[in-house]
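Please read these notes with the model open.

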Amino acid sequence: MTTKLFGEPVRRREDARLITGKGRYLDDIGHDALAAAFVRSPHAHARITGIDVDAALEVEGLVALYTYEDLAGPMAEPLPVLIPHPQLHAPRTGYPLANGEVNHVGEPVVMVVATDRYVAEDVCDRIVVSYEELPVVVGVDAARAARSCVHEEIPDNVAARHHQETGDVEPVLADSPRTLSFTQYIERSACMPMEGKGVHAKWDADDDSLRVYTSTQASTSVRAAIAAKLQLSLDKVEVIAPDVGGGFGVKIMHPWPEELLIPMAAIALGQEVKWSEDRREHFIGSAHERQQRQEITVGYDDDGRITALDVHIWHDNGAYTPYGIIVPIVTATQLVGPYALPVYRVIVESVYTNTVIVTPYRGAGRPQGCYAMERTMDRIADELGLDRAVVRERNLIQPDQFPYDHQLTFQDGRPVIYDSGDYPGLLDKLRTLVGWSEAEQLRADAGARGKLLGVGMAMYVEGTGPGPYEGGHVQVLGSGKVLVSTGLTSQGQGHETAFAQIVASELGVPIEDIEVTTGDTRRFGYAVGTFASRAAVMSGNAIALAARGVKEKALRIAAEVLEASPEDLEIDEGVVQVKGVPGTSIPLRTVAVLSNPLRYAFDEAARQATQFAGPGDDSKPPVAPGDAPGLEHRDYYSPIRSTFASGAHAAIVEIDPATWEIDVVKYAVVHDCGNVVNPMIVEGQVHGGVAQGVGGALYERMAYDADGQLQNASFMDFLMPYASEVPDIDIDHQQTPSPLNPLGIKGAGEAGVIPGTAAIASAIEDAVGRRIASMPISPTELYDLVRNDSSEMTAAAQRRAGTGVMA
């Protein structure tokens with residue numbers, strides 16, 4: 001049947017609209033709206049001693065000015081801590097507008113509303129804010145030293161101490177045949193969606209209702225925040241995510257100050273108000289991620305099997321903690337990867353710095369955890385003179401050990417229990433795909449061309465589809481159209497296609513008849529959001545359950561018309577028919593009409609559902625008890641816990657000793673996300689993730705100076721990989737279905753980015769023979785490392801050279 005599209009590489013249905021300029025993004029809305037702009041702090045840490053707006057009041061076109069003093073009620077309170085946690089002992093959040101003190105460059109101080117953005121920016125330029133500068137804390141090492149503090153009442157700068165362990169580490173380490181300890185860093189980076197944040201608000205004074213468009217990953221949560229902060233009835237607030245030009249995590253954070261201030265101004269002024277984030281604002285006023293210092297001690301035996309792992313991490317959470325300690329928790333629990341660790345202890349100290357806040361960026365703590373675990377595997381292999389793949393193989397969880405309980409607690413508050421997988425299978429496929437056994441020949445060939453070549457690998461496990469729930473609604477209209485909605489939002493992942501494939505397969509209708517709506521609280525009011533590779537797992541399963549509910553009702557109604565048993569019926573190409581009896585059928589659109597008994601006929605189709613259209617059963621009510629008019633069903637999927645996808649990546653790099661340019665010449669990916677809805681979309685997700693992984697390994701870095709000034713807050717200075725820097729990617733799939741959900745699927749959205757830094761660091765280290773202990777790494781940094789006589793040489797390089805000195 002052509003409607004069975006689950007698992008097929010269907011071309012993305014939304015692309016034609018998006019790439020031909022027919023998308024509808026935030027800035028396409030409200031062309032006649034008033035425009036907002038913000039005066040933001042130029043200092044990383046300062047007290048506000050005065051705000052002089054006299055010169056600004058002279059600007060023609062100024063409509064309103066707002067400072068903290070203009071905020072009232074809940075708006076004058078700190079922004080919420082979205083995810084409280086008992087180990088977050090010193091949470092701090094900012095205010096919609098700074099309340100007497102600023103704690104990072106870019107913190108909003110004044111909001112200006114004017115007739116257009118140009119006027120609003122001119123007004124901002126005329127506002128004079130006076131500051132008394134305070135000591136600045138930048139980076140995890142400065143935060144640890146605590147010679148200065150970000151928040152006066154937190155002298156040690158520690159927001160949280162997250163601690164999990166699975167046994168008594170110290171005696172096991174003491175008894176281990178071998179141990180090693182090392183420290184490494186991963187630097188601060190950030191996501192760069194093509195479209196920044198943006199908000200448009202319109203107040204209807206006649207019925208006291210508010211409609212907000214916002215470029216978000218969580219429209220229902222933004223709705224709840226606006227209602228709470230502006231003291232509005234929830235049913236009077238609508239929030240819609242239009243087409244969103246990328247998110248990558250920064251837009252799961254909510255409510256941003258602007259998501260509250262723009263609606264506040266729209267209500268106060270009785271006019272539409274809009275704000276669109278410019279690129280510099282995105283650099284200094286949104287969110288970053290990644291930076292950690294990792295201190296690792298591992299015990300192992302002579303065969304490379306780990307006996308105990310002890311990890312102490314310092315995590316930079318920026319100036320505030322509105323998203324709680326989700327990133328540290330994810331790092332702590334995903335660090336263990338696909339390995340069976342007899343004893344594990346992790347402590348993550350999340351520290352304040354006078355920098356932009358840290359919230360999830362694609363991967364959300366997983367790349368850091370993978371970096372810690374996989375570099376540990378590389379170190380063990382190097383010390384023992386073993387193949388890096390062999391050391392990994394000896395530590396892998398075996399297929400017959402599932403479900404595998406790590407005795408840890410994940411970000412959803414549920415246990416880290418791996419549901420299914422075949423990690424040895426992943427490793428075998430990866431070695432074949434990248435040509436692992438041919439590495440020495442490749443090295444020799446590159447050497448003949450004057451290049452240094454190295455090969456690296458990294459494995460990971462990714463918790464996906466965390467709860468608490470998502471919902472789906474499916475409705476068949478009398479026209480034959482099938483309307484599908486879910487509250488979860490889309491930022492370009494292909495949801496419109498994947499969800500339509502699920503419904504087409506479950507309901508037996510042509511995909512062309514299906515219309516999908518996401519992120520619109522008018523259509524679906526209860527949802528959580530798009531993050532943590534959860535869209536397909538959560539909304540996909542909810543939509544499947546809703547489609548099954550529709551199918552059950554359709555077969556029941558059709559069975560009465562066709563005088564058959566529902567069990568003998570099937571739906572194919574939008575027609576309900578008796579199995580094996582062609583011609584004995586009824587169109588699904590007709591069933592939809594019959595599902596809604598009518599008194600009045602508005603068209604020919606509706607005549608079939610009126611009271612005199614045909615004989616009926618006088619012993620039954622037109623709508624059965626417990627039933628409802630219409631061919632539609634709403635359902636929710638709430639998992640007992642997350643499902644765990646997995647994968648393995650390998651990179652081959654070539655390095656030119658004349659320039660120390662690093663070229664990733666081959667990249668291989670083996671990925672397991674359970675049953676695959678659309679392999680083309682999954683491969684696209686992997687490609688995008690690998691591109692960001694290459695960026696995180698070689699290019700992307702937020703460079704703060706000691707005064708807390710971001711030195712590269714523009715695309716001129718912040719490096720990202722172009723298409724020319726992203727390697728060709730060889731992909732292989734493995735499928736171990738999840739037993740936890742009806743469709744057997746696992747998430748895929750973040751998989752491509754997770755192991756990139758670890759795999760590329762391993763490859764570079766293999767090429768140059770010097771220990772790589774900080775990522776990302778630039779050609780200049782690599783040159784300095786290799787030329788520094790005190791830099792640590794790997795044991796493998798020493799063995800290759802035959803001496804203790806680099807050849």
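1. Arg117 is partly exposed, at a relative accessible area of 22%. Buried here means under 20% relative accessible area, exposed means over 50%, and partly exposed is in between (1.4 Å probe, protein chains only). Asp278 is also partly exposed, at 33% relative accessibility. The side chains of Arg117 and Asp278 meet in a salt bridge, 3.9 Å from N to O. A salt bridge is a side-chain nitrogen of Lys or Arg within 4 Å of a carboxyl oxygen of Asp or Glu. The pair joins distant parts of the chain: Arg117 sits in helix H2 (residues 117–126), and Asp278 in the loop between strand S12 (273–276) and H7, 161 residues apart. Helices (H or I, at least four residues) and strands (E, at least two) are DSSP runs, numbered from the N terminus.

2. This is a predicted model: local features need pLDDT of at least 70, side-chain atom pairs count only at pLDDT 80 or more, and totals for chains, interfaces and linings use all residues. Residues are numbered from 1 along each chain as its sequence is written, and side-chain values use heavy atoms, with hydrogens and water left out.

3. Glu281 and Arg40 form another salt bridge through their side chains, at 3.0 Å from N to O. Glu281 belongs to helix H7 (residues 279–285) and Arg40 to strand S1 (residues 34–40), so the pair ties together parts 241 residues apart in sequence. Glu281 is buried, at 7% relative accessibility. Arg40 is buried too, at 14%.

4. A local pair is Glu440 and Arg443, whose side chains meet in a salt bridge at 3.0 Å, N to O. Both lie in helix H12 (residues 439–448), 3 residues apart, about one turn of the helix. Glu440 is partly exposed at 49% relative accessibility, whereas Arg443 is buried at 15%. Elsewhere, salt bridges with shared partners connect a network that includes Glu374, Arg375, Asp378, Glu765 and Arg799. The structure holds 50 salt bridges.

5. Which residues have the most contacts inside the largest nonpolar core? They are Leu309, Tyr344, Tyr418 and Tyr423, in a core of 52 residues. Helix H9 (residues 366–384) gives the largest share of this core, 6 residues. A second, separate core has 46 residues, among them Ala547, Val550, Tyr637 and Leu743. A nonpolar core is a set of buried Ala, Val, Leu, Ile, Met, Phe, Trp, Tyr and Cys residues joined through side-chain atoms within 4.5 Å.

6. Beyond neighbours within four places in sequence, Tyr423 is in contact (heavy atoms within 4.5 Å) with residues including Pro338, Phe402, Tyr418, Met459 and Ser646.

7. Helix H14 (residues 535–562) has 28 residues. H14 reaches 38 Å from its first C-alpha to its last, close to the 40 Å expected at 1.5 Å a residue; the expected span is 1.5 Å times one less than the number of residues. Of the 28 residues, 20 are buried, so H14 is largely enclosed by the rest of the structure. Just after H14, Glu563 takes a positive phi of about 55 degrees.

8. The protein is divided into domain 1 (32–134 + 197–244 + 251–285), domain 2 (292–466 + 640–802) and domain 3 (467–637). These bounds come from an automatic or database domain assignment. The C-alpha centres of domain 2 and domain 3 lie 43 Å apart. Their contact takes 23 residues from domain 2 and 22 residues from domain 3.

9. Domain 2 and domain 3 bury about 1600 Å² between them, 57% of it on carbon and sulfur atoms. Buried area is the accessible area (1.4 Å probe) that two parts lose on being put together, summed over both. The salt bridge count between domain 2 and domain 3 is 0.
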